[in-house]
Amino acid sequence: MSVDLSISNTLPFAKRIWASFVRRYSRLVLSGPCHCVCCNQNSPFFLPFTGGTSAIPPVNYKLDVVGSDLRHYSCPKCESSDRERHLKLYCQKLEVDRLMASARVLHFAPERWFAVFVAAAGPSEHIKADLYPVAADIQKVDMLAMSFPNASFDLVIANHVLEHVADDAQALSEIHRVLRPGGWAILQTPYSAMLQTTFEDAGIVSRDAREHAYGQDDHVRLYGQDIFDRFAAAGFESRVARHETALIDIDPAVYGVNPREPFFLFQRA
Ligand SMILES: [Zn+2]
């Protein structure tokens, strides 16, 4: 077996080693000005997305994509992501966690800390689902063809999932179908307000090309200003909230969240 030790291969490896070192070292630091709402601990800072800002594809800057805060991404104590922390803050402030109590919840691509938060709210059912399950308590579910009966759930959560799904209209139709009338959907996804219409091209299939076009190598589209129309076309009414109004008392630098990321909350009409 040959090992390629060229600079282009060793640099990402060195960055991972450095990120691992910083993560372990920073766990030793007792406190700091930043507060994580997932582990309820303070730290001196939040860590950037693995690989650092130089690894962020240029399209994210050039199209001013709103999504994760990649510079303040990970909690050094518990490794929660900024999008988990932000979602928890939105849910607590807008009392969506009270909706979860005794509710039937379908939770796609469940991130560790947000799954803990949902479970703590006391749902009567909490189905964790993924097309490619990575744990025994996660069911294999294809968002495009679910086996659940109509109106099976009170809440569907898909935190940064739709940008990975080949046919989002079909996915939204299925989410709408399995929700009860008046049921809720949390549909976080990155988008660019500089795009008038969502950009997707079925001809873009390689990982390199997807990263170049959409900002991540496993995304299949980049949503634009029409994102709300697309959700409305599937029968959802917007209950979208924004950080500057819903979370006006939350300092994004302290809590490690992206203040530009809206809370994509929708309700089945
Ligand atoms: Zn934490």
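Q: Two strands pair if DSSP finds at least two bridges between them; in which sense do strand 8 and strand 9 pair here, and over how many bridges?

A: Strand 8 and strand 9 pair in the antiparallel sense, over three bridges, and within this pairing glutamate 237 stands opposite glutamine 267 of strand 9. This is a predicted model, in which local features need pLDDT of at least 70 and side-chain atom pairs count only at pLDDT 80 or more, while totals for chains, interfaces and linings use all residues. Residues are numbered from 1 along each chain as its sequence is written.

Q: How many helices and strands does the chain have?

A: Helices (H or I, at least four residues) and strands (E, at least two) are DSSP runs, numbered from the N terminus. By that rule the chain has 10 helices and nine strands.

Q: In what order do the strands of the open sheet lie, and which strands stand at its edges?

A: Seven strands form the open sheet, in the order 5-4-3-6-7-9-8, with mixed pairing. Strand 5 (138–140) and strand 8 (236–238) are the edge strands, and because each has a single partner strand, one side of each is left without a neighbour in the sheet. From one strand to the next the twist averages 30°, where axes are lines fitted to C-alpha atoms, for helices over the stretch in contact, and angles run from 0 to 180 degrees between N-to-C directions.

Q: Which of the pairings are parallel, and which residues face each other in them?

A: Strand 3 and strand 4 pair in the parallel sense over five bridges, and arginine 104 stands opposite glutamate 125 in strand 4. Strand 6 and strand 7 also run parallel, joined by four bridges, and leucine 155 has tryptophan 184 of strand 7 as its bridge partner.

Q: What is the handedness of the unit made by strand 6, helix 6 and strand 7?

A: A crossover is right-handed if, with the strands pointing away from the viewer, the path from the first strand over the helix to the second runs clockwise. Strand 6, helix 6 and strand 7 make a right-handed β-α-β unit, and helix 6 (residues 168–178) runs at about 130° to strand 7 (179–186).

Q: Is aspartate 154 buried or exposed?

A: A residue is buried if 20 or more other C-beta atoms, placed from the backbone, lie within 10 Å of its own, exposed if 12 or fewer, and partly exposed in between. Aspartate 154, which has its place in strand 6, counts as buried because it has 21 C-beta neighbours inside 10 Å. Two residues are in contact if their C-beta atoms lie within 7 Å, and beyond its neighbours within four places in sequence aspartate 154 is in contact with Ala103, Arg104, Val105, Arg180, Gly183 and Trp184.

Q: Which residues have the most contacts inside the largest nonpolar core?

A: In soluble globular proteins, nonpolar side chains tend to be buried together. A nonpolar core is a set of buried Ala, Val, Leu, Ile, Met, Phe, Trp, Tyr and Cys residues joined through C-beta atoms within 7 Å. The largest one here has 55 residues, and those with the most contacts inside it are Val105, Leu155, Val156, Ala185 and Leu187. Strand 6 (residues 153–158) gives the most to this core, with five residues.

Methods: Pairing = 2+ DSSP bridges.
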